[in-house]
Amino acid sequence: MYEIRKRKNEIRDKYKQLREKLDRGLKAEMDERICRAFLDSATYRFASVILLYAPKANEVDVNAIAVRALADGKKIAYPRCNGENRSMSYHFVESLDQLKSGLYGIFEPSAELPVYDRGSTEPAACIVPALVYDKFGYRIGYGKGFYDRYLGSFTGSKVGMIYSDYIIDQLPRGRYDLSVDFLVTERGIRIKSN
């Protein structure tokens with residue numbers, strides 16, 4: 001387990017540095033293409049609920065998806081993290097203005113907003129951020145484990161959004177790591193390898 005953690009930290013550090021060097025203009029173009037590819041997908045079309053994230057400066061900016069989903073009459077929700085037990089819950093918002101700086105400086109909804117029920121039968125898609133993915137849909141994020149814990153009981157579509165240059169052949173993985181169902185890049189939708 002120590003070797004896996006050590007290798008993940010090395011990869012995490014490498015891709016954090018690469019993200020910081022990414023040209024802002026190129027990033028904005030790729031973000032727009034990634035969002036457009038997802039919005040054109042059957043997953044988006046048939047989902048009633050879209051679970052998003054508030055992007056950090058170096059993550060894929062998915063705010064265009066939020067704006068379009070609200071305009072299309074879909075429900076959107078954002079994660080709220082609980083640092084004590086490293087869990088998170090998604091809360092519905094009606095506007096991005098309802099997000100405020102929270103744990104780790106990430107924008108999140110208030111605890112008073114309605115909670116998304118993972119057991120809901122409404123078709124849902126969860127957009128999962130990462131620093132890097134592999135071709136099997138496994139990811140390395142910031143290392144806190146919030147998404148792996150949450151996705152373990154999520155039954156909707158799990159969607160990875162990533163720049164195509166940040167997909168590698170294979171990442172080290174532990175027994176609790178989960179893969180997404182497919183990846184969306186600036187080059188379109190990429191079905192994961194088996």
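Tutor: Two strands count as paired if DSSP finds at least two bridges between them. With that in hand, take this predicted model: in β9, Ser-157 is the bridge partner of Ala-125.

Student: What makes strand β6 and β9 a pair?

Tutor: A pair needs at least two bridges. Strand β6, residues 124-128, and β9 share four bridges, so by the rule of at least two they pair, and the sense is parallel.

Student: How do you know that β9 and strand β11 pair?

Tutor: By the same rule. Three bridges link β9 to strand β11 (residues 182-185), in the parallel sense. The position opposite Leu-183 in β11 is Gly-160.

Student: Why is strand β9 called mostly covered?

Tutor: A residue is buried when its relative accessible area is under 20%. In β9, residues 157-161, four of the five residues are buried.

Student: What makes β8 and β10 edge strands?

Tutor: They belong to an open sheet of three strands, ordered β8-β7-β10, with mixed pairing. β8 (139-140) and β10 (167-168) each have a single partner strand, so one side of each has no neighbour in the sheet.

Student: How do you know that strand β7 and β10 are joined?

Tutor: Two bridges run between strand β7, residues 132-134, and β10, and the two strands are parallel. The rule asks for at least two, so this pair meets it. Tyr-133 is found opposite Ile-167 in β10.

Student: Does Lys-8 count as buried or exposed, and why?

Tutor: The limit for buried is under 20%. Lys-8 has 14% relative accessibility, so it counts as buried. Its place is helix α1, residues 2-21.

Student: Which residues is Lys-8 in contact with, leaving aside neighbours within four places in sequence?

Tutor: Contact means heavy atoms within 4.5 Å. On that basis Lys-8 touches Ile-140, Pro-172, Arg-173, Gly-174 and Asp-177.

Student: Why does Asp-40 get the class it has?

Tutor: Exposed starts over 50%. Asp-40 has 52% relative accessibility, and therefore counts as exposed. Asp-40 sits in the loop between α2 (24-39) and α3 (42-46). From Asp-40 to Lys-192 the separation is 152 residues in sequence and 18 Å in space, C-alpha to C-alpha.

Student: And what class does Gly-145 have, and why?

Tutor: Gly-145 stands at 25% relative accessibility, so it is partly exposed. That value falls between the limits of 20% and 50%. The loop between β8 and α5 (146-151) holds Gly-145. Gly-145 and Asp-177 are 32 residues apart in sequence, with their C-alpha atoms 8.7 Å apart.

Student: How do you know that the radius of gyration of the protein chain agrees with a compact globule?

Tutor: For 194 residues a compact globule would have a value near 16 Å, and the protein chain has 16 Å, so the two agree. Along the principal axes the C-alpha trace spans about 45 × 35 × 30 Å.

Student: What share of the residues of the protein chain is buried?

Tutor: Of its 194 residues, 47% count as buried. The protein chain exposes about 10,000 Å², with 48% of that supplied by carbon and sulfur atoms.

Student: How many helices and strands does the protein chain have?

Tutor: There are five helices and twelve strands. Among contacts between residues at least 6 apart in sequence, 69% join residues at least 24 apart.

Methods:
Residues numbered from 1 in each chain as written. Predicted model: local features only at pLDDT ≥ 70, side-chain atom pairs only at ≥ 80, totals over all residues. Heavy atoms only, no water. Rg over C-alpha atoms; globule rule 2.2 N^0.38 Å. Buried < 20%, exposed > 50% of the residue type's maximum accessible area, 1.4 Å probe, protein only. Areas by Shrake-Rupley, 256 points an atom, 1.4 Å probe, with all protein chains shown as cover.
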